[in-house]
Amino acid sequence: MQTGAPFSFERFTFSDLKTLLAKASPLRSGDLLAGLAASSDEERVAARFALADVPLKRFLSEALVPYEDDDVTRMIIDDHDPDAFTPVSSMTVGDFRNWLLTDEATPEALKHLAPGLTPEMVAAVSKLMRNQDLIAVAKKCHVVTAFRNTIGLPGHLSVRLQPNHPTDDPAGVAASILDGLMHGSGDAVIGINPATDSPEAMIELLKLIDEVRERIDIPTQSCVLAHVTTAIDVMARNAPVDLVFQSIAGTQKANESFGINLAMLAEAEDAAKGLKRGTVGHNVMYFETGQGAALSADAHECIDQQTVEARAYAVARKYSPLLVNTVVGFIGPEYLFDGKQITRAGLEDHFCGKLLGVPMGCDVCYTNHAEADQDDMDNLLTLLGVAGCNFVIGVPGADDIMLNYQSTSFHDAMYLRSVLGLQPAPEFAAWLRKMEILDQHGRTRPQLDGQAAQNLLAWSGAA
Amino acid sequence: MSNLTNKKIPSGLDPWNTLRAHTDARIGLGRVGDGLPTERLLEFQMAHARARDSVHMAFEPNSVRNQLDGLDHAILDVHSAAPDRPTYLQRPDLGRSLDEDSVAALGKHAGDYDVAFILADGLSARATHDHAANTLKLILDHLGESWTVAPITLATQSRVGLGDEIGAALGAKLTVMLIGERPGLSSADSLGCYLTWGPRRGRSNADRNCVSNIRPAGLNPEKAAKKIAYLMVESRKMGLSGVALKDNSSNPELIEG
């Protein structure tokens, strides 16, 4: 592959596609840290003017990391579907933005287009979009997946129940699971980040969730977010694995820094599918990503952090995941400095994932050294709800006592469902009604002294 | 979190209050409609405010120096290349490099030392103010006469990697850095300790040993000091630190031996 002619607008020139994308990207601290950001606001907008004129086809002939050097690039190029690409193949990036906003870009059209898009095209068009564009187009992208329930249907919002505990104490984890269920959370997955990444610890936690799920017949899935190799190991020992988790990134080098390669993900997907534990569907993978991950591993290949993040969604897409979420404010202020940058990144990530056909959720979160607080999280959470985000995270009181960061809470999810009229996954909603947790108006109003609640409490006594 | 546990939960959630005995997670908070009761809301804001204040609190080396009064060691102030807190937070690379004055100051004390102790602000000056001097004194109590100790440095706007430049400039075989950790919502005063054998620029985390969560409500300074002293002895014996150096300090036989 050749590097084409440089790009220019007025007095500004940009030597290659990678540089142009970086300079066009909305300001964020991670690109400054990497030395890739535009040096002035004027240069940034000039880059956008130049980017708007780039034909989408150029992204198929100019790879950001050489094909020979990077298996993510090879996957993107080799898996590209030229037939699906046809409707937009003669467009520039600017034309593409215009088209996405028209009524011609229907949910059906966008679904058929997805395999024809590369992450670089999607990242490029996002850089020309305002936040409202990112929301409006993402809302038209319906990516529906299923395992024991159905996630991502329009008008629905699912929640990952995240009952982490600093020492994986079974009673502590169980208490948080019950609290989440009583608040209507847990339809995306009951997913624990283990404090210890070992097969034994993973099996113990899997059995704990599986027991409560079977005893009270909850139509949801479980996941212990250990390394993919640990999951492969415990599947061979017949542990009750529903979903296999892995953190992924957008370059081969970054994935190597996570101790993974693409073959491992394929092996894990095969093994989990082989267990045939899904009832209404067979999406068995769960991936997390986040802007800045590649740079922090010094594996960003001089690509701006938003574009390299979009490449991670191409990795995710290959393995038909049930769930993918960006952990958008977790990495810290050296990558996303404040609430404004976190908000922008969350909307970009959701948009890029959805346009590529990935079932995007978002961990709306921040750390205590970022310039952000719960008001910023409320804003991003609400915007993502409007954009049709598949799922968000539910942590007791928004305070993850194991990972030491603030995410969204069970209460936050109830708020979002209420103000936007969103429902839990249909199978899970039926269960919540049976348990007297949802009332006749579809609101989460648990009957704490009812028989269902007593059954849950009785289980917790046993755990 | 104990102050939460003892309070009565509104909104009729009391039957679930028993579950709070099992975890420090914020469960059984009650609800008003879909939202948090006022008291719970304000408790969260207070925890966040304390954590943020710890991040942005100015480091006062003199307050730490005063607590070290009576120790028979020179004490030096050093500063990273990050001039202020906003720069420090966005440029971790600058927080890992010394400024020019500090390089010159350390050069005057260059020697051949077994260990250099560094007390650094990191992401919580409060942790360093509250626990670093005490922890250092406890570590020194555990060390025998056989250790030659470099001047103690008090490092401002410092990341963990700054210790590599300090240790190399002083000519120390080992650095032991006590540094404020990123505050959690319920742990604004948590101190971390990093041990690095053969400090030099470019060392990675895999080359270090870490003792984390040092604070009275976490790993208390007495226990932490014992663990750190053990790791120091082992590090010197093996001539390394990092993944190859295992913490067996909870094995009493090894401690006594």
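Student: At what angle do helix H5 and helix H17 of chain A pack?

Tutor: Two packed helices are described by the angle between their axes and the distance between the axes. In this predicted model, H5 (residues 71-78) and H17 (residues 305-318) of chain A pack at about 65°, with axes 10 Å apart. That makes H5(A) roughly perpendicular to H17(A), because angles of 65 to 115 degrees count as such. The crossing is left-handed.

Student: Which residues in H5(A) and H17(A) meet?

Tutor: H5(A) brings A:Val72, A:Met75 and A:Ile76. H17(A) answers with A:Arg311, A:Ala314, A:Val315 and A:Lys318. The residues of this contact divide into 5 nonpolar, no polar and 2 charged.

Student: Now the cores. How many residues has the largest nonpolar core?

Tutor: In soluble globular proteins, nonpolar side chains tend to be buried together. Here the largest nonpolar core has 162 residues. A:Val244, A:Tyr286 and A:Val392 have the most contacts inside it.

Student: What does A:Val392 touch?

Tutor: Leaving out residues up to four places away in sequence, A:Val392 touches A:Val159, A:Gly361, A:Cys362, A:Val364, A:Leu381, A:Leu384, A:Thr408 and A:Ala413. Another core, of 48 residues, lies apart from the largest one. Among its residues are B:Ile152, B:Leu162, B:Tyr194 and B:Ala225.

Student: How many residues does each chain give to the contact of chain A with chain B?

Tutor: The size of an interface is often given as the accessible area lost when the parts come together. Residue counts describe this one: 30 from chain A and 32 from chain B. On the side of chain A, helices H2 (29-33), H11 (170-182) and H20 (410-420) each give two or more residues. H11(A) gives the most, with 6 residues.

Student: How do the residues on that side of chain A divide?

Tutor: They divide into 12 nonpolar, 13 polar and 5 charged.

Methods: Residues numbered from 1 in each chain as written. Chains lettered and ligands numbered in written order. Predicted model: local features only at pLDDT ≥ 70, side-chain atom pairs only at ≥ 80, totals over all residues. Axes fitted to C-alpha atoms, helices over the stretch in contact; angles between N-to-C directions. Helix = DSSP H or I, 4+ residues; strand = E, 2+ residues; numbered from the N terminus. Parallel < 35°, antiparallel > 145°, perpendicular 65-115°, else oblique. Left-handed = near helix turned anticlockwise from the far one by under 90°. Contact = placed C-beta atoms within 7 Å. Nonpolar A, V, L, I, M, F, W, Y, C, P; charged D, E, K, R; others polar. Core = buried A, V, L, I, M, F, W, Y, C linked by C-beta atoms within 7 Å. Buried ≥ 20, exposed ≤ 12 C-beta atoms within 10 Å, placed from the backbone.
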